Amino acid sequence: MNNSLEKFNRLVEALGELPSIGKKSATRLAYHMIMNDTFVGMKIAHAIEDALGSLKKCKECGGMSEDELCYICCDETRDASLLCIVENAKDILLLEENGLFDGKYFVLESLEELTMSHLETMVQNGVSEVLFALTPSIANDAVILYIEDKLGIYDLNFSKIAQGVPTGVSLENIDLLSLTRALEDRVRV
């Protein structure tokens, strides 16, 4: 007779790979889904499968979308003269959830020539201000300087979120008041 809980342990291990989920939390979640509420477990499994099958990167900004272009890039009421550069699509969700920005976005995942070429094309379409909403760090300051240099031939105002955001802290870990002040008090680069 096999008394192994191999499948349960694999579930705990998989849940433990998620950010901010330790072994105790993963065990608690797995137990709840398997023993207390199997409907929740099935609902989560279906939602994950559905999201993995339908979500992709927006062709324009690099954010998350179910279509070729995300709802932000398709929204003609947004201020196309403002372009906010973020580190990842998750940062767009954070800014949008709180209604802090009404311009367009660009997800900067790398400094490759293709990425820079696409950014330059976006800037040529009526952008007058580029706002850097990157996690404050020396490395990201260097990224800002690099992009500013590459886009220096265009008549642009460059700004970055104010230093109300602590250095080295990801945007997702900033309270709403600090993030709001950082965006409102952005400074020229």
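Let me start with the cavity: ten residues line the largest one, and Leu 134, Pro 136, Asp 141, Ile 144 and Lys 160 are those that lie nearest its centre. By cavity I mean, on a 1 Å grid over the protein atoms alone, a set of points where a 1.4 Å probe fits but cannot get out, with lining residues having an atom within 4 Å of a point.

Before going on, the ground rules. This is a predicted model, in which local features need pLDDT of at least 70 and side-chain atom pairs count only at pLDDT 80 or more, while totals for chains, interfaces and linings use all residues. Residues are numbered from 1 along each chain as its sequence is written, and side-chain values use heavy atoms, with hydrogens and water left out.

Back to the cavity. Its volume is about 70 Å³, taken as the space filled by probe spheres set on the points, with grid points joined across faces, edges and corners. How many cavities of 30 Å³ or more does a search of the whole structure find? One. Helix 7, residues 138-150, gives the most to the lining of the largest cavity, with three residues. Helices (H or I, at least four residues) and strands (E, at least two) are DSSP runs, numbered from the N terminus.

Next, the strands. Strand 3, residues 79-86, runs parallel to strand 4, and five bridges join them; two strands pair if DSSP finds at least two bridges between them. Along that pairing, Asp 79 stands opposite Gly 103, and Ile 85 stands opposite Phe 106. Strand 3 is also joined to strand 5, residues 129-133, by five bridges, again parallel. There, Leu 83 stands opposite Val 130.

Strand 3, helix 5 (residues 89-97) and strand 4 form a right-handed β-α-β unit. Right-handed here means that, with the strands pointing away from the viewer, the path from the first strand over the helix to the second runs clockwise.

Why is strand 4 described as largely enclosed by the rest of the structure? Because five of the five residues in strand 4, residues 103-107, are buried, that is, under 20% relative accessible area with a 1.4 Å probe, protein chains only.

Ser 65 is buried, at 6% relative accessible area. A polar atom of its side chain lies 3.2 Å from the backbone oxygen of Leu 69. The Ser 65 side chain also reaches the backbone nitrogen of Cys 70 at 3.5 Å.

Note on methods: Buried means under 20% relative accessible area, exposed over 50%, partly exposed in between (1.4 Å probe, protein chains only). A polar contact is a pair of N or O atoms within 3.5 Å; within protein, one must be able to donate a hydrogen and the other to accept it, and residues adjacent in sequence count only if both atoms are side-chain atoms. On a 1 Å grid over the protein atoms alone, a cavity is a set of points where a 1.4 Å probe fits but cannot get out, and a pocket is an open set with protein on both sides within 12 Å along at least five of seven lines; lining residues have an atom within 4 Å of a point.
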